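Got the model open and wondering where the labels come from? Let's go through them as questions and answers.

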Amino acid sequence: MDFGILLYVLSLLTVGGIYAIFALGLNVQWGFAGLFNVGIVGFAAVGAYTYALLTTAGSTYHLGGFGFPLPFGMLVAMITAAIVAGLIGLICIRLRSDYLAIATIGIAEIIKLIFKNETEITNGPRGINKIPRFWEHFSEERFYSSWPLSWFGTPEAWDAFFNSLPNWWWQPFFASTVLLIMYVIYRMLERARIAPWGRMMTAIRENEPAARASGKNVTARRIEAFVIGAAIMGLAGALFAQHLRLIEPTNTFDPAKVTFLVWVMLILGGSGNNRGAMLGAFLIWTIWSASELIITGAIDLLIDIFDGVDMGSLRTRAGFLRMMLIGLLLQVILQKFPRGILPEVRPASPKGIK
Amino acid sequence: MSKPILSLNSLRAGYGQTEILHDLSMFVQPNEIVAVIGPNGAGKSTAIKSVLGLLNISQGSVELHGEVITNTPAAKVVELGISYVPQNQNVFVNLSVKENLEMGAWTRPIGIPERLNDMYALFPDLAEKRNQTAGSLSGGQRQMVAMAKALMVDAKILLLDEPTAGLSPKYRSEIFETIQKIKNTGVPVLIVEQNAKQALAVSDRGYVLVDGANRHTGTGVDLLADREIARMFLGGGH
Amino acid sequence: MWNSFGFEFINFYFIPGLVLGCIYALGAIGITLTFSILRFANFAHGETMMTGAYLTWTVMAICSGVLGFAVHPLVAAVPATLLVVLLFLVTDRYFYKPFRQADTIKVVMASFGMMLIIRSAVQVIWGPNQLTFVPGIAKPNAYLKDWSGSIDFLLLIPNKHLFIFVGTIAFMMALSYLLNKTRIGKAMRAVSDSPDLAHVTGINVDQVIRATWIVGGACAMAAGVFLAMDIQMLETTMGFRMLLPMFAAAILGGIGKPYGAVLGGLVIGLAEELSAYPWIGDGPLLSPGYKTGVAFAIMVVMLIVRPQGLFKGRSF
């Protein structure tokens, strides 16, 4: 029972951490640069698929078998997301907020369409599975049979070793990796915030005409923020793929689950605040996850009380009830706590006075 | 001095926390044209907007026929008979001239056809162009539409915010002529103008606003002749 | 000269494109009115369309189940419309009105949230599975088939499509009357031009906003029911799937221009269907999986090249 709780907490930290990374990425785009990106799920998909295609084993259904090291896969995921964002940014960055929202949501859908239709490469709607999970991947035959693990022992020895471990052995390592990545990104963004770059973003955000007049290339800075945020989201997407081990273009990347949740997290935590992004992520994820338990428990209780109720439909519908409640939560937050829990933290703009 | 139709009494007002009008008092009597002139940023437009409930009035009052209407919302103020022509965006550009006038009569929807004819009589140019979209007209014609639209409500008083801004001399004169015609139909006019000289020439009285307060007042003729004012405005035209 | 090209092209690509275009057009009208009068992109419009279709289905189900007689979708749509309009008005009052004077972002976020709330509510109430709206296969209208066959111009158009065409035209005529001949319609155009001026002219902007939601609701209903009639089923991704093409149609036509929205809708509907036609060679020009990309591509091009749209609406 204790173990169960420990594992549960670990999973909360892991997934919460992944969402925290998403939220940090969104904070760069929204908090720093005021870009209303409603296409988060698109960058997540780019990151996830890139990672999956580079690191999965060869398969008749999809591109694979490259045998790249996992960290390399994650790095390329970031780069690909950044490139996609750069292209989008060149076209769309000047759009006003509603229009940018429409454009980004459209782009995300197109990206998903591409992954769905290019079946040769991605296995289309059936998706890619057996995505190697960092740390856990060591226990897979194709990894311990090759370097570096093969230097330290024979495949048979490794096989025996991994069989002797409990099946959740990798969870603490994976969780720590996610949290470490999150922390590193957090520190880098904090440094960027107080650095001249961050101060310039503040100046642009507070008084764009003045910033332009003093010669700052507003468009370029915005594209930068967009690209950096997207790269972070791509990385989160790659981690997400590792967490799920199976991705497919439609249900995994449902804007309701990813884009929307991340926005709620950022707004609740406090947009414009990196710590707020992380706080919001863990908070909302915990609520989301716990609500599943509570609702499932409540349904089980109801089923016990009322015999003959159609269990299956009640459970699936309960899932949508959760989404509805989160939607209502967002409305409440927007109206009553628009600033979120933690306040916006802005460095003084370069001129000193607004 | 007859009882004023509109009076602003010791107004302190502004947007949010910023105060723009400091203890401003002025009034408009029946059958007169009153000009409000002054340098840029003096608060002339703000003074008009304070009547419309578009500002936060912290002290003082606005009265219409002696009744207090301070901070009354704009739609209600219009219903009470105060008509306002803003400086910019004063016509509905995608509606025809006729439709603009019809919209002007929103708070008094009865008897529109008669009033339309009255307007066409007062503004013959508009009668010709009644089905053209307001956006296709010249600046001067648009100003006419704006004024006619404002008059559609049986206005008790007309407030004009810089009606001749950006217009050619021909239209400027036409506008001032029209303002006199309006006064002669029994509607007093309060006009905020950058074009001080021409404005004072047609006005019965004037107020000179500086820094949100009233510095000078007097009849149009007296103010025109005043050397200090002439010095301040260097002729008052552009 | 009704050769095989003409027959196939008209009946299997052009007419379906027109049908889809009508549905997009009706949806886009609601969006363009909301965009221009209330000044925000209403992300919840698609879901509202869908709710209308589901409500119509429920009315039909109640009639045939409880009351024992079948009822045509367009008849069932009437009580459903009242509920949809009510939904719009309630949503506005509690979720959009608080942000009238605030940043656009807030109200867009709120509408994004509403999109999910409404979709989830539909999934909770009606379940996530597909529902049949109209069973059976729609056969081409016999009279039209015979008549067109006799003049060697064979048209195979099922009744449902004829209803959609006629319905769309009727709607447009009603809308045109409303906007050009009625007081409230002209006021809607006035507020669309300049809400500030409307305010100081004494126009009751709240009343205009309510009228906008009512008209928008009616349009959304029509679009939703027509869509359900066309694909003969209901499923919970219907609304979102339509959202992008409708936004694209509104932007293409010019925000605030209802006729533009209609034209935009028709163009996009046709473009989507015609993109699958084998213009060059044997295979479709664009793989059918990418159909929805067509609307999006058109939209992006418009936003870059001519953001005020074909009919010169606002580009904000």
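Q: What share of the 238 residues in chain B counts as buried, and what makes a residue buried here?
A: In this predicted model, 47% of the 238 residues in chain B are buried. The label needs 20 or more other C-beta atoms within 10 Å of the residue's own.

Q: How do you know whether chain B agrees with a compact globule?
A: Set its radius of gyration against the rule. For 238 residues, a compact globule would come out near 18 Å, and chain B has 17 Å, so the two agree. Along its principal axes, the C-alpha trace spans about 45 × 35 × 35 Å.

Q: What is chain B built from, and how far apart in sequence are the residues that its contacts join?
A: Chain B has ten helices and ten strands. Take the contacts in chain B between residues at least 6 apart in sequence: 68% of them join residues at least 24 apart.

Q: How does chain C do on the globule check?
A: Chain C has 316 residues, for which a compact globule would have a radius of gyration near 20 Å; chain C has 20 Å, so it agrees. Its C-alpha trace spans about 60 × 55 × 35 Å along the principal axes.

Q: Which elements make up chain C, and in what order do they run?
A: There are twelve helices and two strands. From the N terminus on, the order is α-α-α-α-β-α-α-α-α-α-β-α-α-α. Among chain C contacts between residues at least 6 apart in sequence, 73% join residues at least 24 apart.

Q: Why are α10(C) and α11(C) called oblique?
A: Look at the angle. The axes of α10 (residues 238–253) and α11 (residues 258–274) of chain C come within 7 Å and cross at roughly 125 degrees. Roughly perpendicular stops at 115 and roughly antiparallel needs over 145, so an angle between those limits counts as oblique. That makes α10(C) oblique to α11(C). The crossing is right-handed.

Q: What meets what in the contact of α10(C) with α11(C), and what classes do the residues fall into?
A: From α10(C) come C:Pro245, C:Ala248, C:Ala249, C:Ala250, C:Leu252 and C:Gly253. Their partners in α11(C) include C:Gly260, C:Ala261, C:Leu263 and C:Val267. By class, the contact has nine nonpolar, four polar and no charged residues.

Q: What does each side give to the contact between chain C and chain B?
A: Chain C gives 14 residues and chain B gives 20. On the chain C side, the elements giving two or more residues are α7 (183–193) and α8 (195–201). That side has five nonpolar, five polar and four charged residues.

Q: Why is A:Leu328 called partly exposed?
A: A:Leu328 has 16 C-beta neighbours inside 10 Å, so it counts as partly exposed. Buried would take 20 or more, and exposed 12 or fewer. A:Leu328 lies in helix α15 (residues 311–336) of chain A.

Conventions:
Residues numbered from 1 in each chain as written. Chains lettered and ligands numbered in written order. Predicted model: local features only at pLDDT ≥ 70, side-chain atom pairs only at ≥ 80, totals over all residues. Contact = placed C-beta atoms within 7 Å. Helix = DSSP H or I, 4+ residues; strand = E, 2+ residues; numbered from the N terminus. Nonpolar A, V, L, I, M, F, W, Y, C, P; charged D, E, K, R; others polar. Rg over C-alpha atoms; globule rule 2.2 N^0.38 Å. Axes fitted to C-alpha atoms, helices over the stretch in contact; angles between N-to-C directions. Parallel < 35°, antiparallel > 145°, perpendicular 65-115°, else oblique. Left-handed = near helix turned anticlockwise from the far one by under 90°.
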